[in-house]
Structure formats: C-alpha cells, structure tokens
Amino acid sequence: MEYDERLALFRQTRLNPFDRGEEEDGPQGHKTPPQHEARPEVFPGTRTHSSDRTMDLGLAEDHFSRPVGSFVASDIEQLKLAIEECKKLILELPEHSERQKDNVVKLIHLRLKLQELKDPEEDEPNLRVLLEHRFSKEKSKSVKQTCDKCSTIIWGLIQTWYTCTGCYYRCHSKCMNLITKPCVRSKVSHQSEYELSICPEIGLDRQDYRCAECRAQISLRGVPSEARQCDYTGQYYCSTCHWNDTAVIPARVIHNWEFESRKVCRSSMRYLALMMSRPVLRLKEINPLLFNFVEELVEIRKLRQDILLMKPYFITCKEAMEARLLLQLQDRQHFVENDDMYSLQDLIDISTGRLSCSLTEIHTTFAKHIKLDCERCQAKGFVCELCKEGDILFPFDSHTSVCHDCSAVFHRDCYFDNSTTCPRCARMTERKQDEEELDVKES
C-alpha cells in the first residue's frame, strides 16, 4: 500500500472497519510541526525508517502476539488515547514528510491492536448451520474479502470468518447471529427456474419504500438510504443488499439475445451464478422464433441431434465404453439426454462461438469412431433400400433421411422422391400380418 493510500485511509476514518463511530479530531489545515520532544513516541524505542517502510500490517513487529495475562479496561483506554495523539500528530506534521509517513503506519498498527483487544480470539466451531447455510470456518489470512452482512473488510489476520459451502456467503464470526438471508442454494434446489420477464418492476410504493430483502428504509433520493434496482427481480434494495454487482440476465438473453451484464442484488447474483450451468431453458417453448434469427442456435441444435443419434452406437460398443467417449460431454450432460434444453452458460458460449467449436470437435471424434475406427459400429450402418447403391449410411450423415417409424436410413433424395412407403416398414407390417394369420390357424 502506497503512502497516499494509507493517508487517505486515515482521513476517511468512517470507511475504516476498526474505527467506525470515531470522529476526526484536530485542525483541517497543516500547522507548523511541533518539536519532536513535544509529544511522546507512540511506540517508545521504535522507529520506522523510509527504506524499511512497508505496509506489512505489523508482521515486521510483534503487534499481534498476546502478552501473558488478560487485558483490562485501562489497556484499551490507553490505546484509544495513543490513537488520538497519533491522529493529531499526523494532522500537524507537514504533508508527505518522513515523520508523517511513519505515524500513518503506526496509527494503522494501533488500530489493529485495539481491534484485537476488543474482539479476542475464541475457540470457534469449524462448521455452523444457520438458515440452511452450511458455514465453514476459513483459515485464509487474506484481507481482500468483504463481509456480506456488515459490508466491511474481513481482516483475516485477526478476525474469524466463515464461508457458506453452498452459496459462498461470507461473514465475520461476530455477524453470524445477525444474518437474515437464507442460503440461495436451497432456493436453487426448490425453485430451479428463471424469472423470464425483463426487469418486472412493481415500484417502491409496493415495497413500502423499504428494501425488498432486509426491509431497511430506502428512497430514490438517497434519504435515509439509496434505493438500488436489481435488473433480475425488478425490485429495489439498500446498499447493504445490493453492491452493484453485475450479471447476464436470462430474460434479456432469451427475448432479445442480449448478453450485456446488468446490475443485480447480492442474492440474485448468487442465484444466477448457481443456476448458470443448469439446463432449465426449453427454447422452443419459450421463444421458438429465436431459431429463425440466430443461425448459431440452428447449428448447435443439429449437432446435438446428431450426438443423440450416435449415443446408441456408444452404449452398445465395448471399445467406446472403455474409451469413455461420452465423458467428453460430462460438463454438458444434458447434451446426451435431449436436444431442446439449454443452460444460460450454453447460450453465452453460443454467442461467443466457443460452444460451436468444442461441439464440432466432439462430433468429429464421435463420427470417426463409428465410421472408421470401430468395425462393430461400422457393421450397424445401413444400405439404402430404395436405390440399393452407394456407401454405408448412418443416421447422422448430412445427406441422409431417417424413417420416423422404424429408424431405417436412406439417401435423402431417394427418400423424398419415392412415393411408396418405407420398404422396411412394409416388410415389418407384412411379417406381423403373417404371424397373426398363423396364430389364428393354430387356434
């Protein structure tokens, strides 16, 4: 952290999670710096030189170790007085001076020490269950996380914090009893469907001018709190429940083929993230006209239909099962189950061209196994019974047609030019009639 950032952190004391509620003292302008003897050193006997000045959060000095015994109230009061003295001294020292820089570092160390005394480390359980959240105690010392409850920084060096293994909700240990949001993963399990209306707004008056989630008072004027709209739900939220996160909105994709990220509340962001790979969109029912305007969708649908025609070859082929060819689609398992269900991630990948490339490569691999590499699969090919000429045909070939009743394969031109019924269907019908006549004679 550069000096200017540390000084800004000090000046904006209300943004400091360890100094909320404190008011800045001291003059706003710069005074002539007092003599060094006018104020005692905050840390007697220690001095940070410019060459060694790094924002190590006290790792170079032993500010976080606990002395033997417990602290009493007087220890906290002495630290508060030292913090006030350090704040005044920083304001009085010349801007960008060496002593001012040293004291900014000391002030941060003092505040961390005070926070450590206020929130002593306790033996916290490794797992906690609350409102269907399954919280796991974190061991990371990163200081880049933010508490989803109080919206302040999680200082992993001195604070205990938890993460929900289902929806990745993060919070301080001390904030856990204040949580009111149930786990979003439970909503995904019980309600696996999207809101398919574009930003279905109902208005702040219908919300009684309160946050749709925590019920805090909000308004568009920002008094007492700013109202922020979620583009997914259409409802308004306070700044604690809506951090201006962005996400792709399913309704805008399906109706407008629009993939621009929009601002959503925290719960919507997590819900959309957990739903991203779930195949819950049946496009031909929701918006069948989309296939007329998006050529990539038509291409993907044909590839998926071909893969479904290849699947029977693989599940009856020992070599294909040993090679686990179908596992190439393990990230999109629904592609080997149907051809009309899509996930939001599928649609995003279609728009970028990523899915077309990967699926074409898999399609080529599958076709190569059936038509060239495996003799057993080759033996399951078809000869066109209408012209009885040409190479062995397979149902996924681009120049073939398949009988909907018996699944026999013919050349496309032969199939549509022939006015008679399918030879295989006719043969099966005749055989069935012969069997029925035989049964009648025997009876």
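**Exercise 1.** In which helix do Lys302 and Asp306 both lie, and how many residues apart are they?

*Solution.* The model is a predicted one, in which local features need pLDDT of at least 70, side-chain atom pairs count only at pLDDT 80 or more, and totals for chains, interfaces and linings use all residues. Residues are numbered from 1 along each chain as its sequence is written, and side-chain values use heavy atoms, with hydrogens and water left out.

Step 1. Both residues belong to helix α9 (residues 295–315), 4 residues apart, which is about one turn of the helix. Helices are DSSP runs of H or I with at least four residues, strands are runs of E with at least two, and both are numbered from the N terminus.

Step 2. The side chains of Lys302 and Asp306 meet in a salt bridge at 2.8 Å, N to O. The term denotes a side-chain nitrogen of Lys or Arg within 4 Å of a carboxyl oxygen of Asp or Glu.

Step 3. Lys302 is partly exposed at 35% relative accessible area, whereas Asp306 is buried at 6%. Buried means under 20% relative accessible area, exposed over 50%, and partly exposed in between (1.4 Å probe, protein chains only).

**Exercise 2.** Describe the salt bridge between Glu84 and Lys87.

*Solution.* Step 1. The closest N and O atoms of Glu84 and Lys87 are 3.6 Å apart.

Step 1. The two residues are separated by about one helical turn, because they are 3 residues apart in helix α2 (residues 73–92).

Step 2. Lys87 has a relative accessible area of 1% and is therefore buried.

**Exercise 3.** Trace the pairing of strand β2.

*Solution.* Step 1. Strand β1 (residues 127–130) and strand β2 (residues 133–137) pair in the antiparallel sense over 4 bridges. Pairing requires that DSSP finds at least two bridges between two strands.

Step 1. Arg128 stands opposite Phe135 in β2.

Step 2. β1 and β2 form a hairpin with 2 residues between them, and Leu131 in the turn has a positive phi of about 50°.

Step 3. β2 also pairs with strand β5 (residues 161–164), in the antiparallel sense over 3 bridges. Here the bridge partner of Lys137 is Tyr162 in β5.
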